[in-house]
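Colleague: I have a model open and would like to learn how to read it. Can you take me through it feature by feature?

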Amino acid sequence: MQQAPAISRSSLGRTLGAAGWILGIAALVEIIAAGTALVKRSHHGQTLARAGIAAQSNIASQSGIAPQPPATAGHPQQLALTDPFATESTSTPAPKPLAQPTPAPALSKPAPTARPAPALAKPAPTQMASTLPKPTPVEERQVMPESRVDGLVAESRALRARGDTSTAVTRLREAAAISPKNPLVISELAETYEKMDLEDKALDQWRTIYDMGDSAGIYYQAADAKLKAAQLAQGSPATSTSAPAGDNSSVSADANGFQPGSVLALMNLSTVEKPETSDGFKRFTLKIPVKRRPDAKIDVPNVVIQVFLFDQLGDNTIVHTNADVSSHWSTLPADWQAEDIEILDVDYTQAPPEPGKIEEGRHYYGYVVCIYYNKELQDQAADPQGLIKKFPPPLTLPDKQ
């Protein structure tokens, strides 16, 4: 039998060296594989962390709450996102915002989402407001008749001043339809007819006022003077029981000489003659006592006294005087406080005739005096009385233009 050759020592050494190399290479391969897996796992965890933060930021932006990073045990509210295998010079770029955020995974407690603000309900009216009456618009028919009448009278005066007497009559007739027994309206209608030279119609209006008696107030006195002047002009005896206008008394005046509704009255006017001028021209002083009603308080700026003096020419024409006329109060101050009567003195001095305009026979003829308070006629006096007819005073002073 042939004996197997013995294994030499050198062959065994070579075999063991080859096996060692093989084992070393295998171990090196395993180490490289393990390192590769570890690196991949680290990158995967960093990606998940970044995705979680982006999702949390999207949820926070929708709910209006600032995103908070997850807390760690060592550093609460802080999270390191650097790559442990990267070099110190490597930095992690900040994640870019997504155009359309992807929905985040469901959490155990869903984050609150932004909701639209609820619409505010209108406050209900209080009980007090509901019980208040609603305002009612004032209609034309609800206007006080007096206000409408006053407006029509004022309009008629303006129309008459412009010469539009026919329209003025229309307005006064509208006022009379509202207040048929108003002496103011009737007197204005009479004066308008006088300006239209309709004497008969004017006298009919004055008679209507005269028939009212004392209830017509100061307008009764005006009607009395108008009717008596018309009768004197026609040459017939006066049927009125009034005294002469120069005496300034009438049947409608009370015991103290005041007309109904008036606070001032003209007392007995008198003329005091003075020596003539060196040229032989007439001079005199007309004294006008003005009395206030007892217990009446007079606002002096609202008192107006009008004095008209007239001359007669050689052809019997009556004209306003061209004399030198001045006036002053006998005592000052004229305020009707210390005394009930204040006296106004009016001085008259006849003027010499103008060269080339000699008016032969010109001489003083008479006067008309009217007193107003708050623009309303209080009393009047004339001598001779016919001047009231020729130059009738207005019952109400017009407003200054």
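Colleague: Is Lys282 buried, exposed or partly exposed?

Modeller: First the cut-offs: buried means under 20% relative accessible area, exposed over 50%, and partly exposed lies in between, with a 1.4 Å probe and protein chains only. Lys282 has 25% relative accessibility, so Lys282 counts as partly exposed. Its side chain meets that of Glu273 in a salt bridge, 3.0 Å from N to O.

Colleague: What ground rules apply here?

Modeller: This is a predicted model, where local features need pLDDT of at least 70, side-chain atom pairs count only at pLDDT 80 or more, and totals for chains, interfaces and linings use all residues. Residues are numbered from 1 along each chain as its sequence is written, and side-chain values use heavy atoms, leaving out hydrogens and water.

Colleague: What is the mean pLDDT of the protein?

Modeller: pLDDT is the predictor's confidence in each residue, from 0 to 100. The mean is 73, and 62% of the residues reach 70 or more. Residues 63-67 are below 50; this stretch has eight contacts beyond near neighbours in sequence. A contact means heavy atoms within 4.5 Å. Residues 117-143 also stay under 50, with two contacts beyond four places in sequence. Where pLDDT is low, the predicted coordinates should not be read in detail.

Colleague: How many salt bridges does a search of the whole structure find?

Modeller: The criterion is a side-chain nitrogen of Lys or Arg within 4 Å of a carboxyl oxygen of Asp or Glu. The search finds 12. One of them pairs Lys287 with Asp345, the closest N and O atoms being 3.1 Å apart. That pair links distant parts of the chain: strand 3 (residues 283-292) holds Lys287, strand 7 (residues 341-349) holds Asp345, and they are 58 residues apart. Helices (H or I, at least four residues) and strands (E, at least two) are DSSP runs, numbered from the N terminus. Lys287 is partly exposed at 28%, whereas Asp345 is buried at 7%.

Colleague: Which residue forms a salt bridge with Arg292?

Modeller: Asp340, with the closest N and O atoms 2.9 Å apart. Arg292 is in strand 3, while Asp340 is in the loop between strand 6 (324-329) and strand 7, 48 residues apart. Arg292 is buried at 12%; Asp340 is partly exposed at 34%. Elsewhere, salt bridges that share partners join Arg157, Arg160, Glu188 and Glu191 into one network.

Colleague: What is the strand order in the open sheet of four strands?

Modeller: Two strands pair if DSSP finds at least two bridges between them. The order is 5-4-8-9, with antiparallel pairing. Strand 5 (318-320) and strand 9 (376-383) are at the edges with a single partner strand each, so one side of each has no neighbour in the sheet. Three bridges join strand 4 (residues 303-312) to strand 5. Gln312 has Ile318 as its bridge partner in strand 5.

Colleague: How many residues does the largest nonpolar core have?

Modeller: Such a core is a set of buried Ala, Val, Leu, Ile, Met, Phe, Trp, Tyr and Cys residues joined through side-chain atoms within 4.5 Å. The largest has 36 residues; among those with the most contacts inside it are Trp206, Tyr219 and Leu395. Helix 7 (218-233) is one of the elements that supply at least two residues. Helix 7 gives the largest share, eight residues. Leaving aside neighbours within four places in sequence, Leu395 contacts residues including Trp206, Tyr219 and Leu377. A second, separate core of 21 residues includes Val303, Leu309, Val346 and Tyr373.
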